[in-house]
Amino acid sequence: MGQVPPPTGACTEDEEDVVVAADAIATPAPDAGDPELAVQQRKGKRKKKKRRRRRKRPTEQEVAARRSVLRWACPGREAVGDHEAGDVGRRRPRVAVELHAHSAFSDGSLSPADLVERAHRNGVKVLALTDHDTMAGVPEAVEAAKQYPIRIIPGVEISAVHSPSGDEMSAEEPVHILAYYGAWGPAKPQELERFLAIIRDGRYARAKQMLQKLKDLGMPMKLEDVCKIAGNGVAPGRLHVARAMVDAGYVENLRQAFSRYLFDGGPAYATGSEPNGKSVVQLVCRTGGVAVLAHPWALKNPAAVVKDLKAAGLHGIEVYRSDGKVSGLSDLADTYNLLKLGGSDFHGRDDKEEPDVGSVDLPVLAVLNFLEACIFFCQCGSQWRA
């Protein structure tokens, strides 16, 4: 593949030099009696010129990867969005992808259809619905996506616990495993659903424990109210307890509920009947999915967790975040030859600081590697089966 020519109206690096030179000619010379001002202006031009030259053209591999992803995400409409991520002839190619988002089927605020619409509005071309311990919202998301040039990846975020191997004295800590499936869904849907149902049942017992702890702290609430907030058939989670706390006037907002009481290990935190992280990874592999460790930066010892889960078959870890922090975790992924992924973990909370759908900038090569690992390209004509 040859070099991608710049689009009409764009400047090449040589043309940028001309622009800089033209600016210098057009700018009046500083007062000869003010040498300090002259030095400052010269420094400013050099910095501006250096910044412009720092931009790197995309490699042919990156350009080809972007085209492949768009062909899969928007079959027959792969040209859609070519201009949306900026000038791909001059900047690193990008396809807006969201691999970690929640709907009202777990602890999100939007229905799957509304989540798909929001993702489309944000330019997202590939969306994974990863509700907690359920895939019940996937059919609605797939149906809604038919209106847009957007592809849905069936997924689920599975709750688990981890205890370091050979160290029975170490305290368990919660871990979350993202499971991604091809267009046909899990290879053994009944086995997966039974597994998830046990976890969801444990969420009711967990909610009772949290409510008891809150009562002991002087904040009594009823489980019925929490379940009403969660919605019919939705297992209650911490977010639903937090919303009940806001409704009861015990806290001002959800952020305060989590930061003071419901954070991992907090005074009102409780665990349910979560399985061991290794067994979750093995289940995902057994049912034909790709297993990815979610938000490892929240773990006390991510290196130990990744080592143990890799031995069980882990395929990747979340590395890319909306705040751009990748240091350390990227090296950890390289050490264990894991896919490097990431997502916004969007819930639609009443939190202005929550990252929006599609806000995490995933390198297009990372996206392509992920899709190839999921064998999605071989299933383009398939449909999700409920």
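Predicted model: local features only at pLDDT ≥ 70, side-chain atom pairs only at ≥ 80, totals over all residues.

What follows is a look at one helix, then at the ring contacts and the protein around it.

Colleague: Take helix α11, please: which of its residues are buried, and which elements do those buried residues pack against?

Modeller: Helix α11 covers residues 302-312, and its buried residues are P302, V305, V306, D308, L309 and A312. So much for the list; now the neighbours. On the strand side, those buried residues pack against β3 (151-162), β4 (173-180), β5 (290-293) and β6 (316-318). Two helices are partners as well, namely α10 (277-286) and α12 (329-335).

A search of the whole structure turns up 1 aromatic pair. It is formed by Y180 and F370, with ring centres 5.0 Å apart and planes at 80 degrees; planes over 60 degrees apart count as edge-to-face, so that is what this pair is. Y180 sits in strand β4 and F370 in helix α13 (residues 364-373), so the pair ties together parts that are 190 residues apart in sequence. The cut-off for buried is under 20%.

There are also charges over rings. R151 lies over the face of W72, at 4.6 Å from the ring centre. R321 does likewise over the face of W297, at 4.4 Å from the ring centre.

On to the cysteines: a search of the whole structure finds 0 disulfides. C285 falls within the range of α10, one of the α11 partners (277-286), and is partly exposed at a relative accessible area of 32%. C227 is partly exposed too, at 22% relative accessibility.

Stepping back to the protein as a whole, you have 13 helices and 7 strands. Of the 386 residues, 47% count as buried. Take the contacts between residues at least 6 apart in sequence: 72% of them join residues at least 24 apart. The accessible surface comes to about 19,100 Å², and carbon and sulfur atoms account for 51% of that.

Technical notes: Residues numbered from 1 in each chain as written. Heavy atoms only, no water. Disulfide = S-S within 2.5 Å. Buried < 20%, exposed > 50% of the residue type's maximum accessible area, 1.4 Å probe, protein only. Helix = DSSP H or I, 4+ residues; strand = E, 2+ residues; numbered from the N terminus. Contact = heavy atoms within 4.5 Å. Areas by Shrake-Rupley, 256 points an atom, 1.4 Å probe, with all protein chains shown as cover. Phe/Tyr/Trp six-rings, centres within 6.5 Å; stacked < 30°, edge-to-face > 60°. Lys NZ or Arg CZ within 6 Å of the ring centre and 35° of its normal.
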